[in-house]
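Visitor: I'm new here and would like a close look at a single part. Could you walk me through it?

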Amino acid sequence: MRRAALVAGLLGLGFALGPAAPAVAQDAAYSDWNSAYAGFPSNVARDATKDCTSGSRACIDRTVAEMYRRFHTVIPRCEHNAVFSLTYIRVTEDIRRGIDAGFYPELVWINHLDAIFARVYFAAYDNWAAGRRELVPPAWRIAFDTAHGREVEGIGNLLLSMNGHINRDFPFMLWHAGLTQPDGTSRKDEHDSGNARLRAMYKPMLAELAQRFDDSIDDYDAPGTDFDDEAIFSILVDWREAAWRNAERLAAAPTDADRRMVASDIEAQAEAEARFIQANTAYKPGAGPAARDARCARFGGQDPAWGQAGARPALRGAVARAVSPGRRGLRVSPRGLVRVTLRCPPGGGACAGTVHLRAARRRIGERAFELSAGARRTFALRVTAGARARLQTRAGLRVRIAVRSLLDPAHVAWRTSTTHLSPARAQR
């Protein structure tokens with residue numbers, strides 16, 4: 001019943017705010033307050049492109065690409081930080097699917113929020129990895145330190161990182177992105193709507209983490225029920241609610257000094273939650289991470305031979321291919337759509353990225369895609385108005401289908417093919 005005690009304890013902590021837990025002996029004092037960019041490490045400046053202030057759809061593609069790059073730096077060594085690294089990828093990929101499906105009403109806001117949310121996590125991890133501990137929030141120090149030391153079970157790594165992500169970072173990110181729409185309407189409903197998407201992906205995500213990293217992550221205390229899943233999910237919902245409330249407190253603070261006091265409360269609560277999780281998910285005497293590390297070495301996604309003399313980690317990101325359209329080439333529908341079939345090779349992991357249609361070096365169509373290993377699927381790309389106009393005056397265009405992978409570690413992997421694009425009047 002250890003998991004039940006952990007869940008009950010976390011639910012019991014609730015929104016109570018108290019004094020900060022004692023710092024690690026001789027650890028650096030934490031200091032990241034920047035009056036111009038509060039909540040970000042002080043060495044991070046505003047950057048319109050990185051912060052996605054334009055709200056461009058391309059921003060989330062860049063974020064996912066950077067997440068995969070970072071994942072491929074931790075998975076070859078089976079670092080326990082890989083648990084959250086993959087979790088964050090899956091959550092962000094779901095946000096991207098929601099954006100493409102029209103789930104989010106304010107695209108500029110959600111793209112901006114997603115970008116700065118990821119950016120503050122990247123900065124915290126980079127500062128921790130570089131030994132700049134004074135720029136790492138205490139909750140994140142605990143999460144990163146315990147993962148590096150292989151001190152806690154997989155569920156501990158997941159909860160410690162989610163605590164740093166939601167309880168510590170999220171209030172600041174919500175405050176920066178804005179709690180109200182331009183007309184003054186609260187964005188709380190949009191914030192709460194994310195819970196439904198998290199619920200839908202929560203169990204599949206736990207199952208993947210269990211299969212790849214630690215088979216105890218989705219263990220049940222009550223066989224045949226989903227008690228643990230629902231209870232832990234309820235913790236995340238409570239944390240998201242607390243994050244919004246704390247963001248409101250940040251926004252309502254009349255002065256910078258008052259806002260610092262709110263920030264101190266946020267830091268204290270996140271650190272208290274982290275120490276509770278750390279204590280209650282540590283390996284029991286005589287137990288340890290050996291079985292977990294062996295599972296990761298086999299199923300994590302890296303070359304199992306990594307670490308042997310002369311071996312280099314082989315990353316499993318695969319690049320999809322466009323299936324040959326044949327001699328007739330591609331056709332434009334009366335609605336201006338071109339259908340391109342992609343196939344993800346089997347045995348090399350999933351494929352994700354963008355498929356581009358180009359004519360005379362100009363992009364005339366683009367579409368994001370995701371495919372499981374071995375899958376084949378047809379995607380519709382809308383051709384630009386300029387290209388459609390050109391097709392009305394000629395028999396066709398010579399076009400290139402370019403498939404770009406977001407899973408390749410260098411993010412420069414492309415597969416291209418050339419074909420013929422016929423005008424709409426050729427349709428029957």
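How many aromatic pairs does a search of the whole structure find, and can you zoom in on one?

Guide: Quick ground rules: this is a predicted model, where local features need pLDDT of at least 70 and side-chain atom pairs pLDDT 80 or more, while totals for chains, interfaces and linings use all residues. Residues are numbered from 1 along each chain as its sequence is written, and side-chain values use heavy atoms, leaving out hydrogens and water.

The search turns up 16 aromatic pairs (Phe, Tyr or Trp rings, six-membered for Trp, with centres within 6.5 Å; planes under 30 degrees apart are stacked, over 60 edge-to-face, the rest tilted). One of them joins tyrosine 88 and tyrosine 121, edge-to-face, with 5.6 Å from centre to centre and 70 degrees between the planes. Tyrosine 88 sits in helix α3 (residues 82-100) and tyrosine 121 in helix α4, so this pair links parts 33 residues apart in sequence (helices are DSSP runs, H or I, of at least four residues, numbered from the N terminus).

Now follow α4, residues 107-129: its axis comes within 10 Å of the axis of α6, residues 154-177, and the two cross at roughly 135 degrees (axes are fitted to C-alpha atoms over the stretch in contact, with angles from 0 to 180 degrees between N-to-C directions).

By class, the contact of α4 with α6 has 10 nonpolar, three polar and two charged residues (Ala, Val, Leu, Ile, Met, Phe, Trp, Tyr, Cys and Pro are nonpolar; Asp, Glu, Lys and Arg charged; the others, Gly among them, polar).
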